[in-house]
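Please read them with the structure open.

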Amino acid sequence: MARAGQKKRKEPEHDEDHKSAFAGAVRLEMLSDEEKRGGEEGENEESDEGADEFPEIDAASDSGLDGDSDEDEVEDEDEEDEGEDEGSSPSGSESDLGSDMHMFPRSKNIISGITGHPKRVYPEIEPEYDSDSSTEDDPNRVGNIPLHWYDDLPHIGYDINGKRVLRPAKGDELDKFLETVEDPTSWTSAWDKNTQMNKPLSPEELDIIRRLQAGENPDVGYDPYEPTVEWFTGKGKEEVMPLSAASEPKRRWLPSKWEKKKIMKIVRAIRQGRIIGSKAKTMGDKPQFYGIWNEPQSNQSPPLSAPKPALPTHAESYNPPEEYIPTDAERKEWENTDPEDRERNYLPQKNSSLRLVPAYDQFIRQRFNRQLDLYLAPRIQRTRLNIDPNSLIPKLPSPGSLRPFPNYRSLKFTHTNAKVRCVCTSPDGAWVVSGDENGIVSLWEVIVGREVRKWNFDGKIGAVGWCPRTDASYFVVGTEDKLYFIIPPNLPSVVLHSTQSTLTPATLPPATQSSVKWSSCSGREDGMILTISLPPASGLTKQIAWHRKGDYLATVSRRESQGSVWIHQVSRRHSQAPFKKIKGAVQLVLFHPIKPHFFVATQRYVRVYNLAEQKLIKTLMPGIKWISSMDIHPSGDHVIVGGYDKKLCWFDLELNDKPYKILRYHSRAIRSLHFHPSYPLFASSSDDGTIQIFHGRVYSDLMTDPLIVPLKILRGHDVNDGLGVLQIKWVNKQPWLISAGADGKILVWVFKSATRASVTTWKIGGWRSSHFGELRHLYHLDYCFRRASKYALGIFRADETFAKVFVAGREALQGLSAIAG
């Protein structure tokens, strides 16, 4: 260590000798202007008296091995302390010269307890010491890193020891509000991201914020009006040196090859005639001058002037002549006349002097009318467009080209003294089931209108639905808290056996714990074979919706809760409630005809669920206050929704969750909607007693919009207690419509030209079509007309008595049965 100290003492002398040798060798005196001036003023003063020695870097410390012991580090620290002691003598002398100018705390020399050498020690900094921020501990112990990395984590980083620094606790908005109430100076603080706390702002910072808000310069000492200092103007201040000492680039004297290519491209275009230059000016060309203030001529007429107020007449004078003063009869007539029909808006009054004239009571109204005249006065005279109103109406095909569609009432079936709320047709289109509020369910034929069987139930009939299966034939009747499965009479043996095996199999599936009870009631003569008992207080079943395969059916009860919707599986005799909780009261449910989707209509929305994935897919917003009916197109891509506010909304499921088109054709609430399963037709019924028939064609091309054309308005039902047509159903495979109304009537609407012989006019010799019931049972008339239409039509058009026609019809049907057999 002694050698090192001697080496440090000798090195400055050696450095001085080296510098002098270098200066003598190059014969250059490298002094600044201040040093030169200082040398001229006093050469006898020592220039190095107040200069501190620059500590020399020990090269041996860089080449030291990693395995140095702690003792070497301690020795290095001691050497540094000694070096500081040696270099402290000049500063100490300076401090003696001017103790008042000393800006650092005084140090004291002590003997080190480890090395035994003296070292300099400074006093500790007091906490109240108002020093520079460089002497304070940085409260951010995680380092200068982006704190947004830890936005989703409970900590804000790691300290020097690798431990997590937890995020400070933050109060809620109520705590912040209480802090602002308790502490009036809380608004003078700002959130510091590094410290994760509110930091109070100093008065200087508040003044800067105030200046920025006021649009002023944030610097207090800035004077925008101080005189300009001419730095490079005047004698001796000219700038003679270049701004940059960089060498001149090559592009200033070498031609650019890219510019050459551009020029050659333009030259080729000129030679090929693609670029034509401007013609050279000749002496004969005279300059053209334009009046820049002249307005161009306009084809429009000048703006119309504002209407001028009418000039006052003698009647408006404060002292009008006697002939302008109204009499009592004229005054009474003026008061009884409507204000818009009066000739004048005032009554003349006579005053002896101007001072006696009262305030005008119509002043504000007159000023308002004047402003209204100026506001509504036309400013521009516009040319009227001569447009034919018929050209604005979209061109739709004529209803005659869209046949067939129902346009004629063929049959009428009546429920006495009861409102018929539900009706359904069989899959083959030959049978109709209807139910009324007296608990009567009737089964009758579509073609003849003859009632085949009638069932009586306790309570109202809420809904009926026929199973869509073709190998089995049965329908379901919904009453109060119960569902009844009924097999119609006169079924073929094969269909009857398949139906019985479906509803009452030999081996019943295992019973499941459910609030819905399935019970068989075989052996009854009325055809009732199965009963489902819904939970108590479920209410009247208002809808029955079948799945396309005929194994599942969904029912909706009037109970407004999650237990109002049930899905029943016939093959397993299992029932389940698909919703544990649902928003709003369920109005209707439907199965998608192709996909495993389930449509649920509440009061305002239609929600589409995926039964396979058990999740919500889409929510349709029809904008209807109360949804009353809904149906799905056979393609599954379109839905129509009707409401009690007289609106019918057409939805394109692939397009948007808002209606594609809104139809308003009914004057009262819509009760029922139905798509035809095979024809491009759909119908709507309303409480106004009418049925609207529409042509709704959907194209396979997704770029083509659906064609919706209103075809016919069917009127035949009477409005009873504010209720009209309650439900409508199409007949499968035929353009026929079945409608049930509150007047107790069930009407069959058919296409007239196609059913002239089979349904429309069945009167022969004064006999009605009901007399042909036995003839109908001998053989199906539709089949006869398809096989030998000419022969059968000849029989029915003959003008003979009923007996002769009956015998001839029997013989004809026997012959036709032999042909068909």
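1. The buried residues of helix α11 pack against β14 and β16. Buried means under 20% relative accessible area, exposed over 50%, and partly exposed in between (1.4 Å probe, protein chains only). Helices (H or I, at least four residues) and strands (E, at least two) are DSSP runs, numbered from the N terminus. In α11, which spans residues 493-503, the buried residues are S498, T499, T502 and L503. They fall within an arc of 120° when seen down the axis of α11, so they line one face of the helix; the arc is that of the directions from the helix axis to the C-beta atoms. S493, V494 and H497 are exposed on the other side of α11.

2. This is a predicted model: local features need pLDDT of at least 70, side-chain atom pairs count only at pLDDT 80 or more, and totals for chains, interfaces and linings use all residues. Residues are numbered from 1 along each chain as its sequence is written, and side-chain values use heavy atoms, with hydrogens and water left out.

3. The protein chain has 16 helices and 35 strands. Of its 821 residues, 32% are buried. Among contacts (heavy atoms within 4.5 Å) with a separation of 6 or more, 48% join residues 24 or more positions apart.

4. Which residues touch the most other members of the largest nonpolar core? They are Y474, F485, L503 and W546, in a core of 20 residues. A nonpolar core is a set of buried Ala, Val, Leu, Ile, Met, Phe, Trp, Tyr and Cys residues joined through side-chain atoms within 4.5 Å. Two or more residues of this core come from each of β14 (482-486), β16 (528-533) and β17 (541-546). β16 gives the largest share, three residues. Leaving out residues up to four places away in sequence, W546 touches several residues, including Y474, F485, Y552 and F591. A second, separate core has 18 residues, among them V441, L443, V464 and I486.

5. The count of salt bridges (a side-chain nitrogen of Lys or Arg within 4 Å of a carboxyl oxygen of Asp or Glu) comes to 12. D718 and K745 form one of these, at 3.6 Å from N to O. D718 is in the loop between β32 (707-715) and β33 (725-730), whereas K745 is in strand β35 (residues 745-750), so the pair ties together parts 27 residues apart in sequence. K745 is buried, with a relative accessible area of 18%, while D718 is partly exposed at 44%.

6. Another salt bridge joins D471 and R469, whose closest N and O atoms are 2.8 Å apart. Both partners are partly exposed: D471 has 38% relative accessibility and R469 has 23%. Elsewhere, D207, R210, R211 and E216 are linked in a network of salt bridges.

7. Helix α5 (residues 173-182) contains L178, as well as E173 and K176, which lie three residues apart, about one turn of the helix. E173 and K176 form a salt bridge, the closest N and O atoms being 4.0 Å apart. E173 is exposed at 59% relative accessibility, and K176 is partly exposed at 45%. L178 is partly exposed, with 39% relative accessibility.
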